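Let's take a walk through this model, starting with charged side chains and ending on a greasy bit of surface. Keep the viewer open as you read.

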Amino acid sequence: MSTEVKQFTLNEFAAAIILQLSRTANSLEAIEAAVKSGKVGGGAAAPAAKTEAPKGETAAAKKKREAEEAAAAAAAAAPKATRADVNALLIKIKDTFSKEDAQAVFKEFGYEAMSKIEEKDFDAVLAAAEAKLVELEAGNNVESGDDDL
């Protein structure tokens, strides 16, 4: 039984490192949010539900509580993917397959350049890029006759 070592280009290696760093940063942010909201346990913190004002709550305390609830809701609504995640995967597609394959991913969202992708679309573009990569890898194996047997 032979062991095959995959060779990476420098861009693929850098993209993989960037992707891992982004995932680590996202995990740390989720952990910090969970600790700050008092929800310690598995997974990211759920958005804070509106709480009833305790009797005798001052206006300043009420304002602070409402600000914390709004911040928790905003954090829950923020995209989980980062620009680094999106860029790393698109670069991997470009380096492994073609520039046109990578461009096809973000052009279907109406963007003309990778740098123009807006934060609100990071999750969707990343999911589309992951699907495109799987599709291209599957097609590449079928065309080359490489069935790993």
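Predicted model: local features only at pLDDT ≥ 70, side-chain atom pairs only at ≥ 80, totals over all residues.

Start with Lys-120 and Asp-121, whose side chains meet in a salt bridge at 3.4 Å, N to O. Here a salt bridge is a side-chain nitrogen of Lys or Arg within 4 Å of a carboxyl oxygen of Asp or Glu. Salt bridges that share partners join Glu-118, Lys-120 and Asp-121 into one network.

Residues are numbered from 1 along each chain as its sequence is written, and side-chain values use heavy atoms, with hydrogens and water left out.

How exposed or buried are the network's members? Lys-120 is exposed because its relative accessible area is 60%, Glu-118 is partly exposed at 42%, and Asp-121 is buried at 15%. The cut-offs are under 20% relative accessible area for buried, over 50% for exposed, and partly exposed in between (1.4 Å probe, protein chains only).

A search of the whole structure turns up three salt bridges. One of them pairs Asp-95 with Lys-94, the closest N and O atoms being 3.0 Å apart. Asp-95 counts as partly exposed because its relative accessibility is 26%, and Lys-94 is partly exposed too, at 36%.

Next, look at helix H4, residues 99–107. Helices are DSSP runs (H or I, at least four residues), numbered from the N terminus. Which residues of H4 are buried? They are Asp-101, Ala-102, Val-105 and Phe-106. These four sit on the same side of H4, because they cover an arc of only 135° around the axis; the arc is that of the directions from the helix axis to the C-beta atoms. On the face turned away from the buried side, H4 carries the exposed residues Lys-99 and Glu-100.

Finally, the greasy bit. Leu-10, Phe-13, Ile-17 and Leu-21 make a nonpolar surface patch of about 440 Å². Such patches take residues with over 30% relative accessible area and no salt bridge, with nonpolar side chains (Val, Leu, Ile, Met, Phe, Trp, Tyr) joined within 5 Å. Leu-10 lies in helix H1, residues 10–36, and counts as exposed because its relative accessibility is 69%.

Definitions and conventions:
Patch = residues over 30% accessible without salt bridge, like charges linked within 9 Å, V, L, I, M, F, W, Y side chains within 5 Å. Areas by Shrake-Rupley, 256 points an atom, 1.4 Å probe, with all protein chains shown as cover. Helix = DSSP H or I, 4+ residues; strand = E, 2+ residues; numbered from the N terminus.
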